[in-house]
Amino acid sequence: MSKTEFRLDKALIEKKTTLFTNLQMGFVGAALMLMMMDLSKIYLLAPLGAGLILVSWYKSHLSKVYEENKHLSVTMSPKSLLVKIPQKELEQRITFRQIKEINQHQENFLPVVTIYLQDDSEKLELYAVENAADFAELLTEHSQEIS
């Protein structure tokens, strides 16, 4: 894969899914251990239940993001960017002149690259792109060169 082609970072998503699965098992195991030791008090089990619910929500969000962006593909050419997301039925070519601003941040433990276009109503969010920081930096460089 060349430096001009970026895809969904499946390894990162698998790593996070494994982490959240292990955390779920840890919360359940800790609750069972407390119950077996006759320490099943509400003030001990409530934080474990809250943690289990939170971790389960993060894990479901992660699987939703994976399903929506499973075949994400971003290809850069000298003057434009081709974004393909088949699950969202999105295939969009964006010229670097159309790009107003590029932000890279973390959202729910995943890197997100947000591309704001010249017409203020549109923005494109790309979740869990491989090498998100390098991708955002490369986009910024290209858009500044063209402008």
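Trainee: Are α1 and α2 roughly parallel or roughly antiparallel to each other?

Mentor: This is a predicted model, and its helices may be read as follows. Two packed helices are described by the angle between their axes and the distance between the axes. Here, helix α1 (residues 10-36) packs with helix α2 (residues 42-68) at an angle of about 160 degrees, and their axes are 9 Å apart. Angles over 145 degrees count as roughly antiparallel, and α1 and α2 are therefore roughly antiparallel to each other.

Trainee: How many nonpolar, polar and charged residues does the contact of α1 with α2 have?

Mentor: The contact of α1 with α2 comprises 17 nonpolar residues, five polar ones and three charged ones. As to handedness, the crossing in which α1 passes α2 is left-handed.

Trainee: I turn now to the strands. What is the order of the strands in the open sheet?

Mentor: The three strands of the open sheet follow the order β5-β6-β7, and their pairing is antiparallel. At the edges stand β5 (99-107) and β7 (123-127), each of which pairs on one side only. On average, and with direction ignored, neighbouring strands of this sheet are turned by 20 degrees against each other.

Trainee: Over how many bridges do β5 and β6 pair?

Mentor: Eight bridges join β5 and strand β6 (residues 110-117) in the antiparallel sense.

Trainee: Which strands does helix α3 lie across?

Mentor: Helix α3 (residues 132-146) lies across β5, β6 and β7. Relative to β5, helix α3 runs at about 170 degrees.

Methods:
Residues numbered from 1 in each chain as written. Predicted model: local features only at pLDDT ≥ 70, side-chain atom pairs only at ≥ 80, totals over all residues. Heavy atoms only, no water. Axes fitted to C-alpha atoms, helices over the stretch in contact; angles between N-to-C directions. Helix = DSSP H or I, 4+ residues; strand = E, 2+ residues; numbered from the N terminus. Parallel < 35°, antiparallel > 145°, perpendicular 65-115°, else oblique. Left-handed = near helix turned anticlockwise from the far one by under 90°. Nonpolar A, V, L, I, M, F, W, Y, C, P; charged D, E, K, R; others polar. Pairing = 2+ DSSP bridges. Contact = heavy atoms within 4.5 Å.
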